[in-house]
Amino acid sequence: MVEGARVRLNGWQQAAVALGSAVGALLDPRRADLIAALGETTGKPAFERVLERMKRNPEGRAKSLDFKSKFIQKVPLMQ
């Protein structure tokens, strides 16, 4: 496996990869590489939008804090 094989893309390059991989995955759903590329290019912006919406909503903030406290209780943190 090649170390550091990740290439940084600017905005229009990410959009081109997302569009191309979405079309390709629709044409041939067996192409896991295209589905992975679509997830890589659209996942972070989608997650950030969901996180911002949760922060603006009182119920979302409560759920986020509740999850965080449960996560911290279950996962031992190294000190």
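In helix H1, the residues Ala18, Ser21, Gly24 and Ala25 are buried (under 20% relative accessible area, with a 1.4 Å probe and protein chains only). They lie on the same side of H1 because they cover an arc of only 145 degrees around the axis, taken from the directions from the helix axis to the C-beta atoms. Trp12, Leu19, Leu26 and Leu27, on the other side of H1, are exposed, that is, over 50%. The buried residues of H1 pack against helix H2 (32-56), where contact means heavy atoms within 4.5 Å.

This is a predicted model, in which local features need pLDDT of at least 70, side-chain atom pairs count only at pLDDT 80 or more, and totals for chains, interfaces and linings use all residues. Residues are numbered from 1 along each chain as its sequence is written, and side-chain values use heavy atoms, leaving out hydrogens and water.

H1 itself runs over residues 11-27, 17 residues in all, and reaches 24 Å from its first C-alpha to its last, close to the 24 Å expected at 1.5 Å a residue (1.5 Å times one less than its number of residues). Helices here are DSSP runs of H or I, at least four residues, numbered from the N terminus.

Turning to the largest pocket, its volume is about 330 Å³, the space filled by probe spheres set on the grid points. A pocket is an open set of points on a 1 Å grid over the protein atoms alone, where a 1.4 Å probe fits, with protein on both sides within 12 Å along at least five of seven lines; lining residues have an atom within 4 Å of a point. H2 gives the most to this lining, with five residues, and the lining includes Arg6, Gln14, Glu40 and Lys44.

Notes
Helix = DSSP H or I, 4+ residues; strand = E, 2+ residues; numbered from the N terminus.
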